[in-house]
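Open the model in your viewer and keep the selection tool at hand. Each stop below gives you something to select and says what is there.

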Amino acid sequence: MMLLLQPDQEIAWMAPYAYAIVLFGFILFLFRVFENWYASKYNKPLFRHYWVFKKLPKVQLDIIEKEFEFYKKLSEKHKRQFQHRVATFIAEKKFIGRENLEVTDRMKVLIASAGCMLSFGRKNYEYSLINFILIYPKEFYSAINDDYHKGEFNPRERALVLSWKDFEQGNKVADDNMNLGIHEFMHAMQLESRQSKDIDAVRFAKQFQNILVQLTDQNVKNKLDETRYFRAYAFTNQYEFMAVLAEYFIESPMDFKRHFPKLYSHTQKLLNFTFAGY
Ligand SMILES: [Zn+2]
């Protein structure tokens with residue numbers, strides 16, 4: 001008799017824990033439902049960043065503080081978040097130099113910063129489709145279309161490929177609407193948004209639809225034709241359009257806003273970008 005009772009007693013003893021686990025799971029589920037509702041109602045994530053703050057080694061932080069203009073304009077709180085995200089990015093991606101290029105701290109920090117800047121308004125900032133960052137000294141031969149490239153995002157190899165010379169140029173000249181890093185990171189973000197279902201992907205899809213609707217508006221079409229504001233390459237396909245749009249948004253927000261206020265507003269919502277004067 002005792003032997004038979006024992007397992008029951010053990011189960012009875014565990015019951016409160018089992019309830020607690022079920023309850024916890026249920027609360028988590030409710031939270032997710034609320035989080036999704038909030039993101040779709042207010043066009044931004046409920047939480048962008050949890051209370052974790054990884055620190056960069058001093059030599060890397062010095063580089064951001066000296067060379068990354070966006071960082072200088074952030075509040076102290078956002079600086080801590082940015083530092084955390086750049087540190088996480090550097091820890092998680094593998095940086096590989098090509099054609100004997102030696103990968104330096106400066107390369108890692110500035111590339112990670114470009115990616116984290118573009119995704120700074122998002123909760124999901126990590127570019128899950130990228131595992132490798134391949135860095136060439138300058139333009140490189142690409143077998144994809146038998147031509148020389150300055151950059152490409154290759155989802156099959158899970159690689160972001162950059163010409164360091166052109167990346168640096170894009171970073172240094174802040175207002176010519178050319179920014180190779182931002183361009184390629186937007187390709188990765190857009191593809192991820194098509195494949196994922198998280199709140200940032202859903203928000204991306206929604207604002208992307210708004211942008212497409214804007215592009216069918218006759219007034220906007222006329223203005224695009226007249227002003228030739230966006231460089232012609234933008235109209236290659238929807239991916240290039242979004243990548244070029246991101247470059248203009250990041251490099252000359254005020255100008256962009258003046259020319260195409262609605263397009264600007266949708267892009268801003270898509271990125272949830274409300275920092276540093278944007
Ligand atoms: Zn492109």
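Helices (H or I, at least four residues) and strands (E, at least two) are DSSP runs, numbered from the N terminus. This is a predicted model: local features need pLDDT of at least 70, side-chain atom pairs count only at pLDDT 80 or more, and totals for chains, interfaces and linings use all residues. Residues are numbered from 1 along each chain as its sequence is written, and side-chain values use heavy atoms, with hydrogens and water left out.

**Helix 3**

Select Glu 69 and Lys 72. Both lie in helix 3 (residues 69-72), three residues apart, about one turn of the helix. The term means a side-chain nitrogen of Lys or Arg within 4 Å of a carboxyl oxygen of Asp or Glu. The structure holds ten salt bridges.

**Helix 10**

Go to Glu 247, in helix 10 (residues 238-251). Its side chain meets that of Arg 231 in a salt bridge (2.7 Å, N to O). Arg 231 sits in the loop between helix 9 (218-227) and helix 10, so the pair ties together parts 16 residues apart in sequence. Glu 247 is buried, at 2% relative accessible area; Arg 231 is partly exposed, at 23%. Buried means under 20%, exposed over 50%, partly exposed in between (1.4 Å probe, protein chains only).

**Helix 1**

Now pick Lys 123 and Glu 35, a salt bridge of 2.8 Å, N to O. Lys 123 lies in the loop between helix 5 and strand 2 and Glu 35 in helix 1, so this pair links parts 88 residues apart in sequence. Glu 35 is buried, at 3%.
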